[in-house]
Amino acid sequence: MGGTENFSNKNRLFVTVDIEDWYHIPSVCGSPFSVYKDTDEFFREWLGEYDYLTEPTLRVLKFLGKRNIQATFFVVADVVNHYPGLVEKISENGHEIACHGLEHACKIDPKTKKPLFTTEEFEKRTKEAKKLLENASGQKVIGYRAPNVLIAGWMLDSLEKIGFRYDSSICVNSFYNKSDSDLDGVGTIPYFPIEGGLVPGNKKRDIIEVPWAYLNTFGFRIPVSGGPMLRFLPSGLLKKGLIQSMKEGPAVMYFHPIDISNKSFPKIGKGRPFYWMIKGDVVEKRIVSLIDAFNKSGVNFCNLRDLMGIMI
Ligand SMILES: [Zn+2]
């Protein structure tokens, strides 16, 4: 930890892990420009090995367990069917199971941000996903993260209606916006959104939005919660941004087990070789050293279910 930074127990970091495999990404499945329409089509046609997820997930469970950290795992629900025992194992290790969609399909168009599903279809599929995850884990699933973090206000309304208590998909930054809103007034701390939108409202609702962390520096907001940023940005910058965000309130960190896989993934889908250029052990070291640095400074690691106690 740089300088004289030191944290009291007030400093909370939510460690979140997105459970999806290499073919769940939009260039391979579930988007207007994917090679396969959806994962059903992928499983009908793909003849090669598909499981690049189990091995790195077991490594994640190991390094979190060693440090006694309980995280929130946002799981694509079809993982229950194609990786028997994996969701059960994550849950048995004491982690929270949350929902990352039924099969990781984009719910809004990445370019136009117009819905790709009707509200009814979205609710039906999300309910199905929630049930699959609840049956496998034995936990009540109350958290959601939008696949590819493509999120819209109408989705939050549906999530609230079908029993979700929080969403963690919004990433405010100076470079991209994957939501259908201007995100005015959204910072890095959890808030109650307005109905039908994503910006903060003044009324308490049954759903909370937990946006991701960013580093405010030189007039830019740099996303620092993790994911691809863990692979492409120096960890000092991520650390600085997470510290800055934790000073405001609880902050979110996230990564994918496939980020730490040392295997090379099948080369299908546009832009993939670049996307996966940095991954494996080097990324695992970055994640672990960030966690260890925060651990030493007295940061309180929580899963997102704990947020309910903080906010209400
Ligand atoms: Zn995802």
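## Basis

This is a predicted model: local features need pLDDT of at least 70, side-chain atom pairs count only at pLDDT 80 or more, and totals for chains, interfaces and linings use all residues. Residue numbers start from 1 along each chain as its sequence is written.

## Overall fold

The protein chain has eleven helices and ten strands (DSSP runs numbered from the N terminus: H or I of at least four residues for helices, E of at least two for strands). Its radius of gyration, taken over C-alpha atoms, is 18 Å, close to the 20 Å from the globule rule for 312 residues, so the chain is as compact as a globular protein of that length. The rule is 2.2 Å times the number of residues to the power 0.38.

Along the principal axes, the C-alpha atoms fill a box of roughly 55 × 45 × 40 Å. Of the 312 residues, 46% are buried (20 or more other C-beta atoms within 10 Å of a residue's own, with C-beta atoms placed from the backbone).

## Helices α5 and α6

Helix α5 spans residues 119-137 and helix α6 residues 153-161. Their axes come within 10 Å and cross at roughly 45° (lines fitted to C-alpha atoms over the stretch in contact, with angles from 0 to 180 degrees between N-to-C directions).

Thr 119, Phe 122, Glu 123 and Thr 126 of α5 meet Trp 154, Met 155 and Ser 158 of α6 (C-beta atoms, placed from the backbone, within 7 Å).

How values were computed:
Two residues are in contact if their C-beta atoms, placed from the backbone, lie within 7 Å. A residue is buried if 20 or more other C-beta atoms lie within 10 Å of its own, exposed if 12 or fewer, and partly exposed in between; C-beta atoms are placed from the backbone.
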